Amino acid sequence: MRLFVAIQLSDELKKNITGTLHDLKQKGVKGNYVPTQNLHLTLAFIGEIDDPGAVKAALKNVSFKPFKLALSDMGTFGDLLWVGMKGNQGLSAAAKSVRDALDTAGIPYDRKEFKPHITVIRKASGNWKQVTAPKGQMMVKKISLMKTTFRDGKPVYSEVASF
């Protein structure tokens, strides 16, 4: 089972991001657009694991105070276009708590430095800078353990548990 820990976005944020994606398409930006239902903020990518029970047990030890997540800008990692958020100590603390809990339980995960972003287009090409970044904010009160399944070769994300 392919797992990751994420913050699921509010319907309002998804709607705002989807509006920006529509604008990008109209301006000729090409690539693999992330479907609205798959938009999320990854805190830790775990990958393939046989039994999610150990991950669920580890994540029960995660603690964080609810915090505000506010969209701010767009940027790229190579040909991956993302939406970013304003600097946020609550978000950083939540990601650290998740990663610490996984470390303590001995659960391997992708250890790249945490750079908070919401992936919106993979293999992006075209002038995305001509489009204004989406705005919006939400209160984060929970984190989710998510799994990826593939339907017709496309990823479908679903919640396994929330904390």
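What follows is a conversation about a predicted model and the terms used to describe it.

Modeller: This is a predicted model, in which local features need pLDDT of at least 70, side-chain atom pairs count only at pLDDT 80 or more, and totals for chains, interfaces and linings use all residues. Residues are numbered from 1 along each chain as its sequence is written, and side-chain values use heavy atoms, with hydrogens and water left out.

Biologist: What makes up the secondary structure of the chain?

Modeller: The chain has 3 helices and 9 strands. Helices (H or I, at least four residues) and strands (E, at least two) are DSSP runs, numbered from the N terminus. Along the sequence the pattern is β-α-β-β-α-β-β-α-β-β-β-β.

Biologist: How do you know whether the radius of gyration agrees with a compact globule?

Modeller: The radius is taken over C-alpha atoms, and the globule rule is 2.2 Å times the number of residues to the power 0.38. For 163 residues the rule gives a value near 15 Å; the chain has 16 Å, so the two agree. The C-alpha atoms fill a box of roughly 45 × 35 × 25 Å along the principal axes.

Biologist: Why is Thr-20 called buried?

Modeller: Buried means under 20% relative accessible area, exposed over 50%, partly exposed in between (1.4 Å probe, protein chains only). Thr-20 has 7%, so Thr-20 is buried. Thr-20 sits in helix 1 (residues 11–26). Across the chain, buried residues make up 44% of the 163.

Biologist: What does Thr-20 touch, beyond residues up to four places away in sequence?

Modeller: Its partners are Met-74, Val-131, Thr-132, Ala-133 and Pro-134. Contact means heavy atoms within 4.5 Å. Of the chain's contacts between residues at least 6 apart in sequence, 76% join residues at least 24 apart.

Biologist: How do you know whether Ser-144 is buried or exposed?

Modeller: Its relative accessibility is 0%, so Ser-144 counts as buried. Ser-144 belongs to strand 8 (residues 144–151). Beyond four places in sequence, Ser-144 touches residues including Phe-4, Val-5, Glu-159 and Ala-161.

Biologist: What makes the pairing of the Ser-144 and Glu-159 side chains a polar contact?

Modeller: A polar contact is a pair of N or O atoms within 3.5 Å; within protein, one must be able to donate a hydrogen and the other to accept it, and residues adjacent in sequence count only if both atoms are side-chain atoms. The Ser-144 and Glu-159 side chains make such a contact at 2.6 Å.

Biologist: Where is Glu-48, and why is Glu-48 called exposed?

Modeller: Glu-48 lies in strand 3 (residues 40–48). Its relative accessibility is 64%, so Glu-48 counts as exposed. Leaving aside neighbours within four places, Glu-48 contacts Met-1 and Arg-2. The Glu-48 side chain reaches the backbone nitrogen of Met-1 at 3.3 Å. The C-alpha atoms of Glu-48 and Leu-3 are 6.4 Å apart, although 45 residues separate the two along the chain.

Biologist: What is the phi of Lys-123?

Modeller: Phi is positive, about 55°, although Lys-123 is not a glycine. Lys-123 is in strand 6 (residues 118–125). At 59% relative accessible area, Lys-123 is exposed.

Biologist: Why is Asp-152 called exposed?

Modeller: Asp-152 has 77% relative accessibility, so Asp-152 counts as exposed. Asp-152 lies in the loop between strand 8 and strand 9 (154–162). Its phi is near 55°, a positive value in a residue other than glycine.
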